[in-house]
Number of protein chains: 2
Amino acid sequence: MRDFSGDIQWLSINTATVRKQWTLDQIIEGCARRGIRAISPWRDQVAAIGLDTTARLLKETGVGLSGYCRGGFFPASTAQGLRDALDDNRRAIDEAKTLNAPCTVLVVGALPGALAGKAEYKDISLARSQVQDGIAATMDYAREVGMPLAIEPLHPMQAADRACVNTMEQALDLCDAIDPARTGMLGVAVDAYHVWWDPKLASQIARAGGKRLLAWHVCDWLTPTRDLLSDRGMMGDGVIELRKIRGWMEDAGYAGFAEVEIFSEQDWWLRPGDEVLDTCMARHRSCV
Amino acid sequence: MRDFSGDIQWLSINTATVRKQWTLDQIIEGCARRGIRAISPWRDQVAAIGLDTTARLLKETGVGLSGYCRGGFFPASTAQGLRDALDDNRRAIDEAKTLNAPCTVLVVGALPGALAGKAEYKDISLARSQVQDGIAATMDYAREVGMPLAIEPLHPMQAADRACVNTMEQALDLCDAIDPARTGMLGVAVDAYHVWWDPKLASQIARAGGKRLLAWHVCDWLTPTRDLLSDRGMMGDGVIELRKIRGWMEDAGYAGFAEVEIFSEQDWWLRPGDEVLDTCMARHRSCV
């Protein structure tokens, strides 16, 4: 298992972590200044400063990507909605390609309309089948342009509105079905926050294997957790055994970044961006 | 599949549903007055009016139990803590026996101390092994007095602080390990709120079989959900396909009550108890 205690060469910052404090150009600059080698940007943050500007700043600073956030949200209640989702996923892949992302993360979506407060249908198995069809269709394009897709199982508390893929086992079943040859073009993004509770986590990480473990996201589960979306903790402040899980990842062959992704309405999003990044660096060494 | 649309003979009220409005004697009276045949009381509500008084009121009104809430909370960070938990579970079983409960529900516990805000350890696999040992020890006593135990898998968002058994599959693996002969003394309590998201739900309900399906709890998952514990919805107000899941339960052999359990700090706990029970009756017929 790699020793992270001495440096931050495997630290990546998911740009949502400081989205309230900084624009993407400020984030890239703040990371470059600290020797943080990678980020994982969100599409809206890229759009805010422009794709070309983002590409240029990455090139100038030498900061790379550990992933691109995000494609997905496949389910819809109309045929037009399903087509629109596929078009949008193509655009996400094109952007990821422009920015040299190693993978595009898929938050697959769930019951259409639920995120806005009113589900257009309640049949979660239908949503799951639309997700499978959507990933399969998107894979055709991803393969063409050479952009691996990483299915991110989200915590079951987000099964209604954000992602109806909620366990590693379920995500890997999808990988087996859509990419049985294991071409390397379809895998999973393992976010500790979403999967730490799973009694089958160790065995499913082993099942995935290094070739399908495309990303590793870290933060912590707080007790109490006051919000279903944006009360994530800094690594070390909660109950997740991050180092143990990273051990399972590395035993399976993962050798990439540990990407810090913290949504924190009441704490970290209120602090100065410099303080947040400095804390990420310290905790990367001591807790990840 | 049974038709619930015409009457409420299979409706039970978990007493937490009106815990803020009424004491247990008022709840029993309110149910009896409406022809609701069963309740599932919580220990603290029983203690508040006395065990003997509760037993007498149930006898006088003819209201029965669909379960008793609850035993469990087995994990601890000290040997004394582990012993105390076993003693407390014996007392819960004795009370359930006095009240003629068909089963005692187990909310198994999780990381000790986490519910109070500070986990005494973070090793969730240790907590899970303490849970298995605790259930096994408690089973010896439960078998002696003839009180079935129902393991309730809780939603993964409560894995840190309330229950580290979080899927039907995991609960049934425990049943297989502790009661391989399937004596009928160990099974599961299926709460739609906790398990609706599970992609393996249908297959695990079938695996359980009627003899191990000891309870069926209903409410609904709201979008958005504003709190991890107490923002449950009334049946029909959320996204859970209650009738479909009840179909799976009945196909597997379940023929008992549908027990309404709603924790709702911002809505149903603020309404008059009569309105809540009347709504439960109406929704039982139209949505369960």
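Through what surface do the copies meet? The copies meet through the same surface, because 100% of the interface residues of chain A are also interface residues in chain B. This is a predicted model, in which local features need pLDDT of at least 70, side-chain atom pairs count only at pLDDT 80 or more, and totals for chains, interfaces and linings use all residues. Residues are numbered from 1 along each chain as its sequence is written, while chains are lettered from A and ligands numbered from 1 in the order in which they are written.

**Confidence**

- The scores of the model are ipTM 0.97 and pTM 0.98.
- The average pLDDT of chain A is 98, and 100% of its residues score at least 70; pLDDT is the predictor's confidence in each residue, from 0 to 100.

**The two copies and their interface**

- Contact joins 24 residues of chain A and 24 residues of chain B (two residues are in contact if their C-beta atoms, placed from the backbone, lie within 7 Å).
- On the side of chain A that touches chain B, 13 residues are nonpolar, six are polar and five are charged. Here Ala, Val, Leu, Ile, Met, Phe, Trp, Tyr, Cys and Pro count as nonpolar, Asp, Glu, Lys and Arg as charged, and the others, Gly among them, as polar.

**Strand β1 of chain A**

- Strand β1(A) spans residues 11-14 and is covered on both faces, with A:L11 and A:I13 buried on one side and A:S12 and A:N14 buried on the other. A residue is buried if 20 or more other C-beta atoms lie within 10 Å of its own, exposed if 12 or fewer, and partly exposed in between, with C-beta atoms placed from the backbone.
- Helices (H or I, at least four residues) and strands (E, at least two) are DSSP runs, numbered from the N terminus.
- β1(A) runs parallel to β9(A), joined by three bridges, and A:S12 has A:E259 as its bridge partner there. Two strands pair if DSSP finds at least two bridges between them.
- β1(A) also pairs in the parallel sense with β2(A), residues 38-40, over three bridges; in β2(A), A:A38 stands opposite A:S12.

**Helix α9 of chain A**

- Within α9(A), residues 242-251, the buried residues are A:L242, A:I245, A:R246, A:W248 and A:M249. Seen down the helix axis, these residues fall within an arc of 155°, so they line one face of α9(A). The arc is that of the directions from the helix axis to the C-beta atoms.
- The cover over the buried residues of α9(A) includes β7 (186-191), α7 (192-195), α8 (201-208), β8 (213-218), β9 (258-260) and α10 (273-287) of chain A.

- Nine strands of chain B form an open sheet with parallel pairing, in the order β3-β2-β1-β9-β8-β7-β6-β5-β4. At the edges stand β3 (64-65) and β4 (68-72) of chain B, each with a single partner strand, so one side of each is left without a neighbour in the sheet.
- Strand β6(B), residues 149-151, runs parallel to β7(B) and is joined to it by three bridges. B:L149 stands opposite B:L186 in β7(B).
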